[in-house]
Amino acid sequence: MAELHRDEQGGEDTMDALAFLKPNAKPKDDSRTWEETDSSPHSRTSDSDPYRYRMGYPSMGTCLIINNKNFHRKTGMMARSGTDVDAANAAETFKGLGYKVHFATDQTIDQMVQLLAKVSKEDHSNSASFVCVLLSHGNEGVIFGTDGFEKLDVLTKFFKGDRCKSLVGKPKLFFIQACRGMELDEGSQIEADSVDGQTSDRIPVEADFLYAYSTAPGYYAWRNTLNGSWFMQSLCEMLRRFSGQLELMQIMTRVNHKVALHFESSSEIPGFSGKKQIPCIVSMLTKDFYFPKNLD
């Protein structure tokens with residue numbers, strides 16, 4: 001049986017939740033002020049293989065990390081203890097993979113929209129990819145700024161093929177640590193025993209995106225107050241271990257495995273201990289993507 005990191009984590013497990021114990025709550029109406037529950041190397045054949053993203057660019061690209069920790073009282077959201085650990089972990093990991101890391105903290109919705117629009121208008125011609133890490137509260141389909149929420153697709157639309165021409169045909173990777181609902185995963189007992197240029201000159205505007213959500217639709221996402229979220233801990237660990245060896249989707253499968261089997265909630269709130277979590281990976285990638293070997 002897999003070892004559960006329940007006691008080793010220390011601190012308390014919380015959730016990046018929209019509301020607390022109110023299944024029918026709506027984002028706009030909630031005014032609560034509490035919610036404490038939350039590959040092969042790319043260098044040899046990548047540029048000639050039609051099923052592998054080209055990596056022969058001067059730069060891996062930009063990694064934008066938006067870390068929202070503190071929220072306006074009107075949102076009903078409490079501070080996200082442990083999120084700074086996630087942000088630092090992500091920055092170190094993606095910097096080690098060759099990305100130019102940019103931070104933004106405690107962003108309002110308007111600031112988030114303006115920032116992503118601005119980044120999408122930059123020239124990414126010399127970049128192999130783009131990464132965005134979003135750390136905040138959320139609910140299904142929406143993510144919080146410090147003053148309210150917005151639909152996730154409003155933030156990601158700027159990078160679609162009809163808007164961000166210099167990233168067309170390149171991977172656009174979004175890693176999202178946020179709740180997607182208010183269901184709790186009780187767990188179950190385990191029994192011990194790319195586009196080819198020769199065929200088309202056009203590509204769907206939604207192509208080449210990957211959305212890696214910390215949890216499945218409808219569920220809470222857990223975050224340890226001392227060590228950061230289960231998802232970001234696992235993501236950064238697996239990227240460091242397997243970049244340069246495994247393809248991205250293989251790495252993400254290992255992230256799922258880590259979160260699913262090695263974590264279990266420990267909370268002072270009755271009924272919130274012993275809960276589980278499974279990330280959800282939504283891919284519109286058209287080729288295999290290999291991060292370079294970690295530079296650290």
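Me: Which residues does Phe289 touch, not counting residues up to four places away in sequence?
Reply: Contact here means heavy atoms within 4.5 Å, and by that rule Phe289 touches Tyr53, Met55, Met60, Tyr99, Ser129, Pro171, Leu173, Glu247 and Leu248. This is a predicted model, in which local features need pLDDT of at least 70 and side-chain atom pairs count only at pLDDT 80 or more, while totals for chains, interfaces and linings use all residues. Residues are numbered from 1 along each chain as its sequence is written, and side-chain values use heavy atoms, with hydrogens and water left out.

Me: How should I read the largest nonpolar core, and which residues touch the most other members?
Reply: In soluble globular proteins, nonpolar side chains tend to be buried together. A nonpolar core is a set of buried Ala, Val, Leu, Ile, Met, Phe, Trp, Tyr and Cys residues joined through side-chain atoms within 4.5 Å. The largest one here has 45 residues, of which Phe94, Tyr99, Val133, Leu173, Phe175, Phe289 and Phe291 touch the most other members. Among the elements that each supply at least two residues of this core are strand S2 (59-67), helix H1 (83-96), strand S4 (127-135) and helix H4 (230-242). The largest share, eight residues, comes from H4. Apart from this core lies another, of 26 residues, including Ile143, Leu155, Phe158 and Ile176.

Me: In what order do the six strands of the open sheet stand?
Reply: Strands of a sheet pair through backbone hydrogen bonds, either parallel or antiparallel. Two strands count as paired if DSSP finds at least two bridges between them, and in this structure the order is S3-S2-S4-S8-S10-S14, with mixed pairing. Strand S3 (100-105) and strand S14 (280-283) stand at the edges, each with a single partner strand, so one side of each has no neighbour in the sheet. Within the sheet, S8 and S10 run parallel and are joined by five bridges, and Ile176 stands opposite Tyr213 in S10.

Me: What does H1 lie across, and which residues of H1 are buried?
Reply: An α-helix has 3.6 residues a turn, so residues three or four places apart point the same way. H1 lies across S2, S3, S4 and S8, running at about 175° to S2, where axes are lines fitted to C-alpha atoms, for helices over the stretch in contact, and angles run from 0 to 180 degrees between N-to-C directions. The buried residues of H1 are Thr83, Asp86, Ala87, Asn89, Ala90, Ala91, Thr93, Phe94 and Gly96. After H1 comes Gly98, with a positive phi near 100°.

Me: How many residues stand between S6 and S7 in their hairpin?
Reply: Two residues stand between S6 and S7 in this hairpin. Strand S6 (residues 142-145) pairs with strand S7 (residues 148-151) in the antiparallel sense over four bridges, and Phe144 has Phe149 in S7 as its bridge partner.

Key. Buried < 20%, exposed > 50% of the residue type's maximum accessible area, 1.4 Å probe, protein only.
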